[in-house]
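Work through the exercises below with the structure in view. Try each task before reading its solution.

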Amino acid sequence: MMRRSLTLFAGLFVLILVIGWMMGLPFTSSRLVEATAYSLIALGLNIQWGYGGLFNFGIMGFLMLGGFAVTFISYPINPDFWGSDGPMMLGRAALAFGAGALLIYGARQSHRLGVRGGWKTFVTVLAWFVAYCVYRSQIDPAAAYIEDTAGFVGGLGINPVVGWLFGGVLAAGVAYIVGKIALGLRTDYLAIATIGISEIIRALIKNMDWLTRGTLTVSPVPWPTPLPQDYQASGVDQISALLLARGGYLALGLVVLAAVIWLVSRAYAGPWGRMMRAIRDNHIAAASMGKNIKARQLEIFILGSVLMGIGGAMLVSFTQIFDPSSYQPINHTFLIWVMIIVGGAGNNWGAVFGAVLIWMVWVISEPLAKAIFETVSFWSTSMGWPEIPEIESRSAQMRVFVLGLVITIALRYAPKGLIPEQVRREG
Amino acid sequence: MALIELKHVVGGYGGAPILNGVDMAIDQSDIGVIVGPNGAGKSTTLKAIFGLLKVTGGTIEFDGEDVANSLPDKLVPKGLSFVPQEKNVFTSMSVEENLEMGAFTRRDSFAETMEWVYEMFPVLAEKRRQPAGELSGGQRQMVAMGRALMSKPRLLMLDEPSAGLSPRYVIEIFETIVRVNAEGVGILMVEQNARQALAFASKGFVLAGGQNRFTGTGAELIADPEVAKSFLGG
Amino acid sequence: MTEFIFFLNQVVISGAVLGCIYALGAVGITLIFGILRFAHFAHSELMTSGAFFAFLLAGLFASWGIVTPIPTGFVVLPLAMALTALLALGIDKGFYAPLRKRGAKPVILLIASIGVTLMVQGLIRLFFGAGSYSFFENESKEIFRIDTSFLGSTRPLVMTEPQVLMIVVTIISVLALHLFLTRSRLGKAMRAMADNADLAQVSGINTALVVRVTWIVAGALACMAGTMLALDVTLKPDLAFNIIIPIFAAAIVGGLGQAYGAIAGGLLIGFAESLAVFNWTMVLRPLNGVLPDWLQLPNTLALVPTEYKLTVAFVILVVVLLVRPTGIFKGASS
Amino acid sequence: QDTGATIGFIGGFTGPIESLTPPIFAGAELVVKQVNEQGGILGGELNLISADGACDATAAAAAADKLINTDNVTGIVGALCTGETIGAFNGSGLSGGVVFISPASSAPALTTLEDNDLVYRTTPSDALQGVKLANLLLAKGITDIAVTYVNNDYGKGFAEALEAAYTAGGGTVAANVSHEDSKADYRAELGNLVASQNLVILAYANSSGNTILRQAVESGNFTTYIGGDGMVGDDLLTGIDAASVDGLIATRAGAPSGEAVDIYNGFDSDGFTANATYAPQAYDAAFLMALAIEKNGSASREGLSAALREVASAPGEKILPGEWSKAVELIKAGTDIDYEGAGGVLDFDAAGDVDGIIVELTVEGGKFVEKGLID
Amino acid sequence: MSSDLVIDVRNVTKHFGGLTAVNNCSLSVRRGSVTGLIGPNGAGKSTLFNIVAGNIVPDEGAVIFDGADVTGLAPHELFRTGMLRTFQIAHEFSNMTALENLMMVPGDQPGEYLGNAWFRPGISKSRETEVRKKALDVIDFLKLGHVRNELAGNLSGGQKKLLELGRTMMVDAKVVLLDEVAAGVNRTLLNDLAANIERMNRELGYTFFVIEHDMDLIGRLCDPVIVMAQGEKIAEGPMAEIRANPAIVEAYFGTPVETA
Ligand SMILES: Nc1ncnc2c1ncn2[C@@H]1O[C@H](COP(=O)(O)OP(=O)(O)OP(=O)(O)O)[C@@H](O)[C@H]1O
Ligand SMILES: Nc1ncnc2c1ncn2[C@@H]1O[C@H](COP(=O)(O)OP(=O)(O)OP(=O)(O)O)[C@@H](O)[C@H]1O
Ligand SMILES: [Mg+2]
Ligand SMILES: [Mg+2]
């Protein structure tokens, strides 16, 4: 098993070298940074699915939260906003939100006043409705005002690494709420519920222009490490500046990844992991053996989501743009699933391997598809047949075909993943 | 010639073999009972006969024909039938549909067989429209047996038919088995209620570690002090 | 009255049409889930391919000069369904069967079906490009405008021919599927396998055959769904892919594995989407006459802004699941 | 060393504008063909490498990374969607000092982008198109409209500009509703738009535009249909009864009538649709890029921006579409040149924007017909 | 009530749709006893166990455990108060080895908390060593030594039942609920198990509450025996008394069973 993993990682390394040789170091280095972020995200999903058996299909939502968090924390302060009435109006909206929350809480406790059954449901629904109206009555004008005067609230201008952490915290907060609501559902039902929740998150982030600038996008989001421009300013030539900057970011990312792997593996190897696997295998029995299923599943859901939030934040600060419309389930949820299923669910190294492999395949699938097309076209023209029309478009679209092919082939020959979960046989 | 004959069968689930040479022979008039410790390979033997796992050595002949490694949809038409130990009814389907499924491989009309089954288990006739999932444990066991009989088998294999049944049903099930046997169906069953079962068995096999330990008539095995002590609980 | 007709058009008819679109897709998904126990993501691509088959056949018919009273795309449906069934069988044989043989878990099959989705989508684009096509390039789409002036309304009730066909087809296919599953021998065998695959095998049911039949039925249903959708909308490579998530939501809300559940779920989501963004001002406008000036209705008075339309469907979904964790009609789970 | 030059092209070959992209790309390809036929660039060949930006900022960043750092292009024509351009530029363009000339990113956001004077565009901002469309409608005596726009930077920016100008001019915007891309059904959105019979759709033809238009026609609630540049595409009218959309009004960035345009329209041939949406702008962008490189004298990125400004603006000898060899001679002779393109005179302002020309189109007999300038 | 009742079920009712599985049932288990629960299939025995162990919340009635009302408590909370149950249909952790199945049972493992797992490996380790030793002992006692590294999902039906029983030996519980542990277990091994149950009862003071259809085992172990039918308790007393009751014999035993 060990040998298999080593061989596979060696193969991956060779693949990266080949890509580096063909596409150049700057390009490869930035793909590696992204792969690092995706590894974190895949580890997060591996915790949720591989350890905990939780069918989270709402990864995209957590990535967006992370992206938003880092944008908000690290983007420069917008003086237009802070100098206007905006903060005060937002404060009022927050008060309205709090009041609404209190109202709902009160309605939910109304049974203490003797309100029961259908009446309680009615009171609760009414409270929700009133709270919704009250909140909207405050937030709608505030939003319109901010969009008109300041564009959006801007950021806080704090170091992006704090933003990553905040991404984790924000994801944790939302995961807590989502988990409280949805973790009772069974597999496929949980999957679709989480898809739904992530769509809701996307709709909010995309349309709350006053907070996120929505489809107008925010850029450039700052880097935690020096930018290529900074190196250039100090007289380094362009290529070296690029490499230095990306290398710096990559190093930081790898440090985070290493720390996470260390923590996660350490927990998973011991009684904590055993308990989680037991819950995954049979939660009824685990409950009867004294394990608090709800709390533990929530714990694992939050832990996984934190990694997704951090990973999502890393991605956004790296590409320097937060564009809510570029989040698509296919790229940000399913791709991650493919990573851990192909890599090997329940195995951290499998998840990391899958993340890097699939990301690299995804990246080279475009030039690869194009090369194939050009070859075919060359052949067919030299055979006297007409050349393939619109090669650029068609080949770009064939990259999804290449990815699909890789997935199906990998699964066909290694249905448990390339580096599968290991049974813990003891001496 | 015996109806079914296992000669030195070796097989398993992919890892080390579980069966290391099992010999058995059952006639159409026989009731054969397999007993043995947990994990001895009793269920595995039945599954091996029924093509549910890979047989790597030895022969399994049914009616003189080699049937090792053929699949159920080939075996059922030949006259073999199997009642697994658990999950042996289609819970969401009615009793009658359960029986129909037992006759799936038959091309001829099976109305008569169904009448025969209902005669044998009158309770089922009453509940023919009820989903099998709503029946009590004993009734379910009857549905399972009825389903297996619908293919008009010559050999019926049962895996622990009495497990989990209250004493009254255990007696009923055993009586039914004897009755079915009297109608000309060979029986091969695994039992942990070994004393009771061996009492009416014409052949008994003690399996341990995937091999035959003792073979004889039911009475012989009960009488053997060694068998009684190690396998029948004294 | 005009307002009421408007409400009918906007919420009842459009909700029903949308609901039927979702339901038709969800029926196939629910069937595959019931029997093979996995969420077949690539169902969307079966739908799209089916629609393209129908499109090609319709083109062929047109080039032979065959003219039909109802849309040609609908006439060629049986042929297209056969082709799609073949495609479904091929996909199963090539991609899912080997995995099942190795006892892969449902989630593995789900991921494989995502792989298939990507491949089929690539291929469709390779052959048809990225543009959109219409079944009504050579014939015109009939639009029924039912005059309602006798009710005192100035608006007609509007429906198009494909929409009427779609509603009829949805009802018929769900009924037929239900009868097939409860009456026919093979249908019962399919249910048996859905209930307990091991026992089905032990009973001598040819499980490989059942799986084949499942794919044939699912492929045919997908083709029907895709073609109906393409007749109502346009035919594009991402035709069904764009709505696969609400379709899954419909199947799940209805209860996986339940044919009637697909209809219930589809309609629920369809109506919810239509109703949530419905602009009540349009209906309540006459009130403006009696209301005091300070209480005039705003231009839009919808429960949620349109940009949150899809969100509503999902909120409904989540709420339904919280109340009934396995859907409206108690569904199965992998 | 005189060995030619390589430029990159980023466009949405996949994604929401996948059907609009190929004709735009064809415009750029045509330039390459003409340059190479007329003696090449810097004594060698001009190469064009495309990459898929998917109309998505993140994907575009990766595409730009590849073009700039792997293929080492001198400059980039593109990207098309505005977010795509910003993502591509911030991702690698800024640090690489690469000039971007976008033929289609029309959202106002590009004007204020901090770009070290590297980002240009050959299409006018939507702020302009919105104003022009508003003027056109008011001039036609349409006094109330209902607007639906695709929920992205393009649609939103356009709709805002339109609404502002239209209300300022005395019109009433009865409803202004966004919609999401690529859905099967827009009846619900249309239901919110019936307050006016004049429906303005600001979307992409092959994505949501076609569906909305068709469902609007089927609903029978509207009499006049109006669209922006994204709607002008052959895909728009597939499957729609041609008669019912006769008279559909649309605008798009266009060309003044004149010699330059006539020459350009003469390029229309089998593989090239000269008046496809943004094809002229793409032609201009690529041509300008080539001229700037030739002017700059090397395939290096340094000085390209300044060279671009020189070749694009007066004073100088007029260069028209297709006149590559003439331009090269003039540049070699040290004469100042001024390109006048298929899409206008193309004099970049300080922000890299051009003063555009918006033309009116209308559908007649199932085809878009150009009606001339809007002033 | 006196404190020698460790489980006291008071007027509990549970409906499943139209079916009343447990019907206003009251019964109790004395501290230190081995109490049997018998009754025809479908009588509601397992449902009653599920209610006592917190897996099902009753529609009506209350469960008193060790003097405290525990109705509606979650299973893991009951486990903490000292109640342990087995399942009629084996609930093994199928993707874990037999050994791991046992090792995860003890409740007070520090390593199960992230903080300890990350930052205080020492205390987790030492406890882990104890747990493993105990699990190995139990495995050997159950004669499962040769399959201890096999995935529990691959064990034979009876082996799974043994594992189920083994869990009860991993912790010191006040009360152990056994739901048909004997079904499918080889009789010779069952004798050993019975002896062990007796020993745990006598020497360690465990209270057992046992559902069983094997009358020999009930006769050997249990006093008193409670008979349930159609969701109600219909009799309680020593085995001999139960056997002498013709109504029960008719409903439950069918024909009289001969004693071994
Ligand atoms: N989850 C459930 N949903 C619906 N009905 C149930 C459920 N659990 C049990 N039942 C029904 O309740 C009744 C009592 O079941 P229970 O399992 O308690 O019986 P039992 O006495 O343990 O029988 P056995 O000896 O066969 O195990 C049965 O009729 C059974 O079908
Ligand atoms: N699917 C499987 N994969 C691997 N090993 C298996 C599998 N099923 C059973 N075994 C192993 O095969 C051996 C024999 O199992 P089998 O089920 O035949 O026992 P049995 O004699 O029926 O025992 P019991 O009386 O407990 O049911 C056991 O050691 C078991 O661990
Ligand atoms: Mg067995
Ligand atoms: Mg029970």
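Contact means heavy atoms within 4.5 Å. The model is predicted: local features need pLDDT of at least 70, side-chain atom pairs count only at pLDDT 80 or more, and totals for chains, interfaces and linings use all residues. Residues are numbered from 1 along each chain as its sequence is written, chains are lettered from A and ligands numbered from 1 in the order in which they are written, and side-chain values use heavy atoms, without hydrogens and water.

**Exercise 1.** Find which pair of chains shares the most contacts.

*Solution.* Six pairs of chains are in contact. Of these, chains A and C share the most contacts. Now check two other pairs. Chains A and B do not touch; 15 Å separates their nearest C-alpha atoms. Chains B and D do not touch either, with nearest C-alpha atoms 37 Å apart.

**Exercise 2.** Describe the surroundings of ligand 2.

*Solution.* Start with the place: ligand 2 lies between chains B and E. Next, count the shell (residues with a heavy atom within 4 Å). It has 17 residues, and Lys42(B) and Ser156(E) are among the closest. Then sort by class: four are nonpolar, 11 polar and two charged. In this scheme Ala, Val, Leu, Ile, Met, Phe, Trp, Tyr, Cys and Pro are nonpolar, Asp, Glu, Lys and Arg charged, and the others, Gly among them, polar.
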